[in-house]
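Please find below a colleague's note on the structure shown here.

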Amino acid sequence: MATNFQTAPRLTVEQEAISFSRKELAAVYELVQALNGTGNRVELLSVFAEKLSGMVSFDTCALTMIAADTGQMFMEHATGQNGELIKGHQVTLGEGVTGWVIANREAFASTDPRLDFPVRMADSFKSYKSLAAFPLMKEGELHGALTVYSTSLVEYDKDQQKLLREAATLLAAALTSIDSQSKPADAGASFTSKPLPEADVSTVENSFTN
């Protein structure tokens with residue numbers, strides 16, 4: 001059915017660069033603090049998904065990572081309904097919504113979640129109504145994608161997309177930092193991230209282009 005991360009500065013939020021409500025800003029700060037408190041990549045991804053659930057509604061969250069050595073892409077962390085099913089799923093560049101987002105380095109939202117999976121997995125998502133996917137990218141360095149799926153939301157609106165985009169930027173900053181500070185043998189090393197760049201909070205496209 002699919003179609004084509006203690007010496008650096010800590011994570012900070014540029015208040016003047018992003019327009020958030022007080023509640024949204026509090027949620028973003030909570031995410032920042034949680035990411036700064038993680039000690040390794042596995043914990044980073046787990047804490048991120050947990051905190052994201054308090055910011056934006058979803059039934060399933062998948063974090064697709066690009067392997068630095070091979071360039072292959074897998075849903076390295078998945079949580080929620082069908083999380084165990086899709087964890088480890090290999091994503092092909094340009095295929096499915098997540099593959100398209102990584103290939104084009106652009107966000108995509110509000111389409112049939114079944115389009116993100118091959119036929120053998122798509123049936124498990126027949127009760128889902130929408131998804132939103134964002135590239136995990138910091139200063140041109142692409143780590144993968146964040147994709148959330150919902151059984152209740154018909155679409156992810158502008159405010160939800162804004163929060164997802166900011167969360168993806170925060171995670172990308174954390175991943176960039178861990179990649180630059182940790183040696184391969186030190187994957188469990190603690191980290192703190194560099195300040196965030198100004199976030200782009202424009203609305204994502206609402207139609208899929210093959």
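This is a predicted model: local features need pLDDT of at least 70, side-chain atom pairs count only at pLDDT 80 or more; totals for chains, interfaces and linings use all residues.

1. Strand E1. This strand covers residues 60–66, and six of its seven residues are buried, so E1 is largely enclosed by the rest of the structure. Strand E1 is joined by bridges to strand E2 and also to strand E6.

2. Pairing of E1 with E2. Strand E2 spans residues 73–80 and runs antiparallel to E1, with seven bridges between the two.

3. Pairing of E1 with E6. Strand E6, residues 141–150, is likewise antiparallel to E1, and six bridges connect them. Among the bridge partners are Ala-62 with Thr-147 of E6 and Thr-64 with Ala-145 of E6. Nine of the 10 residues of E6 are buried, so this strand too is largely enclosed by the rest of the structure.

4. Pairing of E5 with E6. Strand E5 (residues 130–138) runs antiparallel to E6 and is joined to it by nine bridges. Lys-138 has Glu-141 of E6 as its bridge partner. Two residues lie between the strands of this hairpin, in which Glu-139 takes a positive phi near 50°. Strand E6 therefore has bridges both to E1 and to E5, and is largely enclosed.

5. Thr-98. Is Thr-98 buried or exposed? Its relative accessibility is 1%, below the 20% cut-off, so Thr-98 counts as buried. Thr-98 is placed in helix H4, residues 96–104. A polar contact of 2.8 Å links its side chain to that of Thr-147, the residue of E6 that is the bridge partner of Ala-62. Leaving aside neighbours within four places in sequence, the residues in contact with Thr-98 include Thr-64, Ala-145, Thr-147 and Tyr-149, together with Met-75, Val-91 and Asp-116. Of these contacts, Thr-64 and Ala-145 are themselves bridge partners.

6. Aromatic pairs. How many aromatic pairs does a search of the whole structure find? The search finds five. In one of them, the ring centres of Phe-117 and Tyr-149 are 5.5 Å apart and the planes lie at 35°, so the pair is tilted. This pair links distant parts of the chain, since Phe-117 is in the loop between strand E4 (108–109) and helix H5 (119–122), while Tyr-149 is in strand E6, 32 residues apart. Phe-117 counts as buried, with a relative accessibility of 0%, and Tyr-149 counts as buried at 0% as well.

7. The aromatic cluster. The rings of Phe-125 and Tyr-128 have centres 4.6 Å apart and planes at 45°, so this pair is also tilted. Phe-125 and Tyr-128 are both buried. Together with Phe-117 and Tyr-149, these two residues form one aromatic cluster. The cluster member Tyr-149 is also among the residues in contact with Thr-98.

Conventions:
Residues are numbered from 1 along each chain as its sequence is written. Side-chain values use heavy atoms; hydrogens and water are left out. Buried means under 20% relative accessible area, exposed over 50%, partly exposed in between (1.4 Å probe, protein chains only). Helices (H or I, at least four residues) and strands (E, at least two) are DSSP runs, numbered from the N terminus. Two strands pair if DSSP finds at least two bridges between them. A polar contact is a pair of N or O atoms within 3.5 Å; within protein, one must be able to donate a hydrogen and the other to accept it, and residues adjacent in sequence count only if both atoms are side-chain atoms. Contact means heavy atoms within 4.5 Å. Rings of Phe, Tyr and Trp (its six-membered ring) pair if their centres lie within 6.5 Å; planes under 30 degrees apart count as stacked, over 60 as edge-to-face and the rest as tilted.
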